[in-house]
Amino acid sequence: VALDEEMMSGVMLSLSQEVTPGSRRRLMREAQSAEAAMMAAQVADKRNDIARRVKRAYIDVQYRQAALSVAERNLDVAKEMLATAEALYATGKAMQQEVFESQVRVSQMVDMVVMQRREREAAATRLNRLLYRPPDQPLPALPPLAMSSLAAQPEALPALTLETNPALRAMEIRVEQAMKQEGVAASMIDPHLTFSFSYMFRQRLAMNPDSGTDMWSASMGMN
């Protein structure tokens, strides 16, 4: 770039700074902090959701395992009843209809056992996927279902829910953030100042010895 050919040619450096009211800056910081806290609460809620799904899948596997055990015991009982009915029929002490009824019960129990095994396998697959394991990886024998008492008192449950549920906390923070953002929007009607400074470097021209004087300017504006 040739700076010694035109009278007004030069290089200019300009700086500008907007000064907003302190209350607006404070509200903006608080709104940004609320947004960060809300995102942290959402991450915690997602973590709790994954843990909740794993626990539900684990309990489902326990239930299907217990249901399969009951179905297998019922099948054994049905087989014993069929054997008894056949023995009594062979000695003339039972009717053939009783044998047929026992055979139907055995067939029903076989179907029940097959269904419960499929349900147990499906529940185990869901649990493995939630744990990022191969879907067909076998699970160890789980302990039987057991009832446990609730440690918290009923009147303390609402406060405990607010404390341990990040989703509710995120909703509260969202309301706080909206209030801060409303305050920022309301503060936009307040005046704010803008300071500007410019400096121009000018090259002296050979044909005009009086040229080349640098220029600078400063200004202040109110919006």
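Is arginine 52 buried, partly exposed or exposed? Arginine 52 is partly exposed, with a relative accessible area of 36%. Please keep in mind throughout that this is a predicted model.

1. **Arginine 52 and its partner.** Arginine 52 forms a salt bridge with aspartate 49. The closest N and O atoms of the pair are 3.2 Å apart. Both residues lie in helix 1, which spans residues 22–90. They are 3 residues apart, about one turn of the helix. Aspartate 49 is partly exposed too, at a relative accessible area of 21%. The cut-off for buried is under 20%, so at 21% aspartate 49 counts as partly exposed.

2. **A second bridge to aspartate 49.** Arginine 53 also forms a salt bridge with aspartate 49. Here the closest N and O atoms are 4.0 Å apart. The salt-bridge criterion is within 4 Å, so treat this pair with that limit in mind. Arginine 53 and aspartate 49 are 4 residues apart in helix 1, again about one turn. Arginine 53 is partly exposed, with 41% relative accessibility.

3. **A bridge between helices.** Arginine 64 forms a salt bridge with glutamate 119, the closest N and O atoms being 3.9 Å apart. Arginine 64 belongs to helix 1 and glutamate 119 to helix 2, so this pair ties together parts that are 55 residues apart in sequence. Glutamate 119 is partly exposed, at 30% relative accessibility. Shared partners join Asp60, Arg64, Glu119 and Arg126 into one salt-bridge network. Over the whole structure, the search finds 8 salt bridges.

4. Helix 2 covers residues 96–130, and valine 114 lies in it. Valine 114 is partly exposed, with a relative accessible area of 36%. Asparagine 128 is buried, at a relative accessible area of 0%. Which residues does asparagine 128 touch, leaving aside neighbours within four places in sequence? The contacts are Arg133, Pro134, Pro135, Gln137 and Leu139.

5. Strand 2 and strand 3 pair in the antiparallel sense over 8 bridges. Tyrosine 199 stands opposite tryptophan 216 of strand 3.

6. **The nonpolar patch.** Which residues make the nonpolar surface patch of about 740 Å²? They are Val11, Leu13, Leu15, Phe197, Tyr199, Phe201 and Trp216. Strand 1 (11–19) and strand 2 (193–201) each supply at least two residues of the patch. Leucine 15 is found in strand 1. Leucine 15 is exposed, with a relative accessible area of 54%. The cut-off for exposed is over 50%, so leucine 15 at 54% counts as exposed.

Key. Residues numbered from 1 in each chain as written. Predicted model: local features only at pLDDT ≥ 70, side-chain atom pairs only at ≥ 80, totals over all residues. Heavy atoms only, no water. Patch = residues over 30% accessible without salt bridge, like charges linked within 9 Å, V, L, I, M, F, W, Y side chains within 5 Å. Areas by Shrake-Rupley, 256 points an atom, 1.4 Å probe, with all protein chains shown as cover. Salt bridge = Lys/Arg side-chain N within 4 Å of Asp/Glu carboxyl O. Buried < 20%, exposed > 50% of the residue type's maximum accessible area, 1.4 Å probe, protein only. Pairing = 2+ DSSP bridges. Contact = heavy atoms within 4.5 Å.
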